[in-house]
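Me: I am new to reading protein models. Can we go through one together, step by step?

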Amino acid sequence: MTENVQAIGVDFHCHLDLYPDIEAAIARTEAARIYTLTVTTTPKAWARNHELTRHTRFVRAALGLHPQLVAERAGELLLWERLLSETRYVGEVGLDAGPRFYKSLDAQEHVFRGVLERCAEAGGKILTVHSVRSVPAVLDMIERYLPQDRGAVVLHWFSGSKSEARRAAALGCYFSVNADMTRSDRGRAVVTELPIDRILTETDGPFTQIDGRPSEPTDVRTTVAAIADVRNLPVEAVTKLVISNLRSLLA
Ligand code: MN
């Protein structure tokens with residue numbers, strides 16, 4: 001990742017295409033030198049996201065099929081498969097067993113299995129994975145369908161238990177932490193336990209807010225400060241750590 005050594009922060013899960021002006025959001029992120037993975041929720045959004053990030057220094061686009069959309073869009077797995085060779089980055093993908101999406105869980109598992117299997121075949125992909133109320137199932141599927149030497153997984157907005165975090169770490173997963181996670185006792189307890197060499201930062205903007213407005217990649221500094229507080233480390237050390245972890249992930 002020689003082209004990214006100048007990054008001063010990392011937002012490894014953000015939805016820049018859900019802001020009112022994606023081009024302006026990308027320009028602000030580039031100017032701020034925040035390494036940002038902008039995820040998509042449907043493969044139909046890929047072409048434009050890819051086009052706008054082909055030549056950016058700090059912003060990369062990921063090819064996704066969001067579990068919350070699978071009820072209506074499971075058929076788009078074929079399009080997702082066709083596009084996979086165009087990118088190293090995959091997401092947002094995963095499972096959501098929350099009350100609104102539970103009824104599509106079988107279809108979600110079918111899609112997520114397909115995603116993991118295609119990534120394992122291709123090799124070298126980096127996935128940002130959603131696991132709401134489904135951490136054990138997500139980890140079971142990663143263990144079964146994506147061997148550690150065939151791809152890397154970043155668990156986004158991880159909400160599992162400490163023991164689930166340990167299992168995920170043993171499977172090679174990274175964790176992208178956002179500010180909301182550091183605001184609950186349970187979230188802080190998990191952040192305390194995460195292996196220090198697997199921590200990244202994210203905003204999941206615009207789905208998180210800061211000061212009453214949607215978060216942007218530059219707001220990862222808030223999360224870095226919160227992690228520093230929870231881990232009792234200097235802010236500068238956490239900033240360096242996150243960039244070093246990014247470098248290891250991309251290497
Ligand atoms: Mn998201």
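Predicted model: local features only at pLDDT ≥ 70, side-chain atom pairs only at ≥ 80, totals over all residues.

Reply: Residues are numbered from 1 along each chain as its sequence is written, and side-chain values use heavy atoms, with hydrogens and water left out.

Me: Which residues coordinate the manganese ion?
Reply: Donors are N, O and S atoms within 2.8 Å of the metal (3.2 Å for Na, K and Ca); water is not among the atoms, so sites may look incomplete. The donor atoms here lie at 2.2 to 2.3 Å. In sequence, their spacing reads H-x1-H-x76-E-x111-D. The residues are His13 (NE2), His15 (NE2), Glu92 (OE) and Asp204 (OD).

Me: How many residues apart in sequence are the parts that His13 and Asp204 tie together?
Reply: Helices (H or I, at least four residues) and strands (E, at least two) are DSSP runs, numbered from the N terminus. His13 lies in strand E1, and Asp204 lies in the loop between E8 and strand E9 (209-210). So the pair ties together parts that are apart in sequence by 191 residues.

Me: Is His13 buried or exposed?
Reply: Buried means under 20% relative accessible area, exposed over 50%, and partly exposed in between (1.4 Å probe, protein chains only). The relative accessible area of His13 is 0%. So His13 is buried.

Me: What is the bridge partner of Val129 in E6?
Reply: Strand E5 (residues 125-132) and strand E6 (residues 151-156) run parallel. Five bridges join them. In E6, the partner of Val129 is Leu155.

Me: How far apart are the end C-alpha atoms of helix H9?
Reply: The expected span of a helix is 1.5 Å times one less than its number of residues. H9 (residues 220-231) has 12 residues, so it should span 16 Å. The model agrees: the end C-alpha atoms are apart by 16 Å.

Me: Which residues of H2 are exposed on the face turned away from its buried side?
Reply: Helix H2 (residues 46-53) has Trp46, Asn49, His50 and Thr53 buried. Seen down the axis, these fall within an arc of 100° (taken from the directions from the helix axis to the C-beta atoms), so they line one face. The face turned away carries the exposed residues Ala47 and Glu51.

Conventions:
Pairing = 2+ DSSP bridges.
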